[in-house]
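Open the model in your viewer and keep the selection tool at hand. The tour below goes stop by stop, with what to select and what is there.

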Amino acid sequence: MEGANDMSAILDVRDVHLRRGDRTILAGATFTIARGGVAALMGPSGSGKTTILRVIAGLERFDRGTIDIEGVRLQGGMRPGAVLLKSLRRQVGFVFQFHHLFEHLSALRNITLAPTHVLGVPMAAAEGRAKELLASLGVEHRASALPRELSGGEAQRVAIARALAVDPPMLMMDEPTASLDPSRRNELGELLARLAGQNRTILLSTHDDDFARRWATTILRMDGGVVV
Amino acid sequence: MIARRRRLSLLCLGLSGLLSVRTHAQQSELQWAGDPEGGAPFVEADPNDPNKVTGFDVEIAELIARALKRTPHFLFVPYGSIDQAIERGTAEIGLSGMEDTPARRAAMATTIPYYAFREVLAVREADVSRFRGLADLRGHRVGTLGGTIAYEILLQGERRYGLQAVSYDDDVHPYSDLLLGRLDGVLLDNVLAERRRKNMPGITVQPQAVAMSHYVGVLAARNAPLRDSIDEILRAAMGDGRLETIFKKWGVWNDDQPALYASLVAREAVPAVSISGSNEQIVVATMSRREATLRYLPSLVKAAGVTLILSCLAMAIAVGLGVLIASGRVYGRGLVRLALTGYVELIRGTPVLLQLFVIYYGLAAVVKLPAFLAALAGLALNYAAYESEIYRGALEAIPVGQLEAARTLGLTERQVLRLVRGPQAFRLALAPMTNDFVALLKDSSLVSVLTVVELTKQTQIFATNLGSWVIPGTLCAAMYLVMSLPLGALARRLEERWRAPTT
């Protein structure tokens, strides 16, 4: 039951510029993402897909423009303060192309780390929720495995569970299809559709046209640092 | 081509000429060993030409060489190693204020004594009437040069009078520490004591001698025939006043010498050491090696304890400081980073021995650290620099992706360090840390220069008394191994445990 402002976008990216040295990475990227659904960011390599995701996640500063996400505003040319970053990260989760699981922790502990230390959830509750997440992603039997013991697909699911454990309204994924074979891609698509159905917004970058056409509710194309 | 061959043959001729000169020189040279660090009036670097040495031992070497129709050739050997150098044939005779001890007489071929000295007690002027002899120094610290008769007498004094013997590696710092109040007395021979009394105001030498002994020349036991000819040369020089001339020139002639020379010229036996008011001899001399070993074992074990405690504490501090320095260098701003980098480079770029000296002696005017604390601080500060480099490398080895993943989950930078980066870095650092700890265990032997008696120093003292390194050296090596081997095993177990998941 969303309120009257439900039609407002969850993410509003306006005129975002970023230069590194004499290379222009983002040249005025502008787009909005509506609440719910799966949005796919497509485009050739070097078009700025990964960078715009990193900028939205607060991992990278940008020179000019604004990004609004659920009442949090990132302003170009400024270093976001700790408080701002903290509220930003309650809104956006991030699943990296190479997962970046914490190598010294088991799959379960990877997932419980943020709930217990960031949200102050008691360990028992965090573990219960982590096990639920692992089960819903079909990898509950890998709970005690270390990241290096997981297959690529398993690691991705654990990384998704880790990002979902702090319950962000929006989940961004960088090239989630890159390391999956075709049948796994469809499983991922089903999973994303299910998540989007649970009132979550997915924003992902991909090279895979078929995947995007089949599973995305919105497709954005980037080229030369702008959304075309 | 022809020209080149001619040049080559010329070179060969030149070389063979050089070689023949060299062998000829070796035959007619008398290789003698001494330590110029001991300084005047024994052997010191010539103030006019630092490449030459002067001193009464230098002149005695010249006197002996001349009578043997050979040229004296000086070799620098540290005082504590002269016996070993003579034994292995580095030089033929050691002349450097070598003391006439029963152990040395037994193990080496010693010459007849050429100078009689008294062991005298130096105290601060204010204490002249309070500390007249060793018996007055119960509960007080008394210093001397390690491995000497004086040190052996002080060890007896520990048992008999309850004083505390402190061993130094040189003969200057006991006196400066006496003035600083770190010691309440210094027992050394009258030649050394006189020299310090003259240039260090505030020191008084008690007139009553604690013991008497002599300086002798030291040769290897297999060189007894050469020793016998040198004895005759010395006797002749005693009879015709040449020795007297030398000692007068260096200002150390006194009434003890004519008495000694009279006995020697009359071929009477002279005891190595006589302790005033006591018939007790320097103990070890009368013991078998087995007895000596049993007697020294407890002090070796105690010294190993000092080594272990010192190393563990120093490592604990070094780890803590190292973590702080590494965090500062990885996370800090420009100035903090610059200062920490400067510290690490300064410490790594200078010898730890020098750092220990600065902390104990150099800072004494500002803060008078007790020897153990100075040793602990020196080792800890030194190793902190090395540990910090290990941790910095380990921190930087953790993939940036994991740090970013932690940030996107909402962890603060501090939490990222504590929960993600630190634990993984620590695992990477464990093997090099263990390595460093074993190195520290052995480096801790350097603190003997600050009068801390740890395992190596105690071994040296033991070896000097016994006149042999075989038993003390073996025991010492065994004790270091007993301490360092379990560390390796512990580190391996930890590494294995961390390879398993932490659920």
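This is a predicted model: local features need pLDDT of at least 70, side-chain atom pairs count only at pLDDT 80 or more; totals for chains, interfaces and linings use all residues.

**Stop 1**

For the complex, the predictor reports an ipTM of 0.93 and a pTM of 0.74.

Select chain A. Its average pLDDT is 90, and 97% of its residues score at least 70. Strand β10 (residues 226–227) of chain A has the lowest mean in the chain, 87, while α3(A) has the highest, 95. Now select residues 1–6 of chain A, where the pLDDT is below 50. Beyond near neighbours in sequence, this stretch has 1 contact in the model.

**Stop 2: confidence of chain B**

Select chain B. The average pLDDT here is 86, with 91% of the residues at 70 or above.

**Stop 3: where the chains meet**

How many residues does the contact take from chain A and from chain B? Chain A gives 25 residues and chain B gives 19. On the chain A side, select α2 (82–91), β6 (92–95) and α3 (107–119), the elements that each give two or more residues to the contact with chain B. Of these, α3(A) gives the most, with 6 residues. By class, the side of chain A that touches chain B has 14 nonpolar, 6 polar and 5 charged residues.

**Stop 4: the domains of chain B**

Colour chain B by its domain assignment: domain 1 is 28–112 + 216–267, domain 2 is 115–214 and domain 3 is 289–499. Between domain 1 and domain 3 of chain B, the C-alpha centres are 43 Å apart. The contact of these two takes 5 residues from domain 1 and 5 residues from domain 3. On the domain 1 side, they divide into 3 nonpolar, 1 polar and 1 charged.

**Stop 5**

Two packed helices are described by the angle between their axes and the distance between the axes.

Select helix α2 (residues 56–67) and helix α9 (residues 242–249) of chain B. Their axes are 9 Å apart, at an angle of about 155°. An angle over 145 degrees counts as roughly antiparallel, and α2(B) and α9(B) are therefore roughly antiparallel to each other. The crossing is right-handed. Show the side chains of B:Phe56, B:Glu59, B:Ile60 and B:Leu63 in α2(B), which make the contact with B:Arg242, B:Ile246 and B:Phe247 in α9(B). This contact has 5 nonpolar, no polar and 2 charged residues.

**Stop 6: α11 and α17 of chain B**

Select helix α11 (residues 289–331) and helix α17 (residues 455–466) of chain B. They pack at about 165°, and their axes are 8 Å apart. That angle makes α11(B) roughly antiparallel to α17(B). Their crossing is right-handed. Residues of α11(B) in the contact include B:Tyr296, B:Leu300 and B:Thr307, and those of α17(B) include B:Gln458, B:Phe462 and B:Leu466. By class, the contact has 8 nonpolar, 4 polar and 2 charged residues.

**Stop 7: α14 and α16 of chain B**

Select helix α14 (residues 371–397) and helix α16 (residues 413–443) of chain B. Which way does α14(B) run relative to α16(B), roughly parallel or roughly antiparallel? The axes come within 8 Å and cross at roughly 150°. That makes α14(B) roughly antiparallel to α16(B). The crossing is right-handed.

To view the contact, pick from α14(B) residues including B:Leu379, B:Tyr383, B:Tyr386 and B:Ile390, and from α16(B) residues including B:Arg421, B:Leu428, B:Met433 and B:Asp436. The residues of this contact divide into 14 nonpolar, no polar and 4 charged.

Conventions:
Residues are numbered from 1 along each chain as its sequence is written. Chains are lettered from A and ligands numbered from 1 in the order in which they are written. pLDDT is the predictor's confidence in each residue, from 0 to 100. Two residues are in contact if their C-beta atoms, placed from the backbone, lie within 7 Å. Helices (H or I, at least four residues) and strands (E, at least two) are DSSP runs, numbered from the N terminus. Ala, Val, Leu, Ile, Met, Phe, Trp, Tyr, Cys and Pro count as nonpolar, Asp, Glu, Lys and Arg as charged, and the others, Gly among them, as polar. Axes are lines fitted to C-alpha atoms, for helices over the stretch in contact, and angles run from 0 to 180 degrees between N-to-C directions. Angles under 35 degrees count as roughly parallel, over 145 as roughly antiparallel, 65 to 115 as roughly perpendicular and the rest as oblique. A crossing is left-handed if the near helix is turned anticlockwise from the far one by less than a right angle, and right-handed if clockwise. Domain bounds come from an automatic or database domain assignment.
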